[in-house]
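Open your viewer and get your selection tool ready. We will walk from one stop to the next, picking residues as we go.

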Amino acid sequence: MKKLDEANPEPRGELQLRILANRSDANISGDISGGWLVTQMDSAASIVANRIARGRTATMAIGNMSFIRPIKVGSVVCCYTHLISLGRSSARIMVEVWSRMPDDELRQKVTEAEFVYVAIDDNRRIRPIEPRTPPA
């Protein structure tokens, strides 16, 4: 099995979120916290899910995640997303995270994970995702 960055040398999908990793986002070792990174990934995936569902969604699951390398304080962190599949009320979205230092052109893959969202109504009950009608 190839490492995550060898299997995909370039980001797949659309850039959804770009954020600067600050010192306040670091863990006790001085690297950016994995929890902070998962929050950013969830935010990026929710942008896609809400657009697809044309309304509110909720995170139902997050797939396996392995970290290839730590993120340094001051790094530009980019979350790329692409739709894996669409169900009656759910969307599976892959999120890839890449980072680079602001003065460096070399970006490196940090991690990836699949996020599953369900469309929900105002009562927080699962609802169907309305199919998009093709343009006439």
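Start with helix α2: its 20 residues should span 28 Å at 1.5 Å a residue, and the end C-alpha atoms are 28 Å apart, which agrees. The expected span here is 1.5 Å times one less than the number of residues. Helices (H or I, at least four residues) and strands (E, at least two) are DSSP runs numbered from the N terminus.

Before moving on, a word on the model: it is predicted, local features need pLDDT of at least 70, side-chain atom pairs count only at pLDDT 80 or more, and totals for chains, interfaces and linings use all residues. Residues are numbered from 1 along each chain as its sequence is written, and side-chain values use heavy atoms, with hydrogens and water left out.

**Stop 1: the buried residues of α2.** Select Trp36, Leu37, Gln40, Met41, Ala44, Ala45, Ser46, Val48, Ala49, Ile52 and Ala53, the buried residues of this helix. Buried means under 20% relative accessible area, exposed over 50%, and partly exposed in between (1.4 Å probe, protein chains only). Show the strands as well: these residues pack against β1 (14–20), β2 (57–62), β3, β4 and β5. Contact means heavy atoms within 4.5 Å.

**Stop 2: the largest nonpolar core.** Which members touch the most others? Among the 25 residues of this core, they are Leu37, Met41 and Ile93. α2 (34–53), β3 (76–86), β4 (90–100) and β5 (108–119) each supply at least two residues, and the largest share, nine residues, comes from α2. A nonpolar core is a set of buried Ala, Val, Leu, Ile, Met, Phe, Trp, Tyr and Cys residues joined through side-chain atoms within 4.5 Å.

Now centre on Ile93. Leaving out residues up to four places away in sequence, its contacts include Ala45, Val48, Ala49, Leu83, Phe115 and Tyr117.

**Stop 3: Leu17.** Go to strand β1 and pick Leu17. Leu17 counts as buried because its relative accessibility is 18%. Not counting residues up to four places away in sequence, Leu17 touches Gln40, Ser43, Ala44, Val77, Cys78 and Cys79.

**Stop 4: Ser89.** Finish in the loop between β3 and β4, where Ser89 sits. Is Ser89 buried or exposed? At 12% relative accessibility, Ser89 counts as buried. Beyond residues up to four places away in sequence, Ser89 touches Tyr117, Val118, Ala119, Ile126, Arg127, Pro128 and Ile129.
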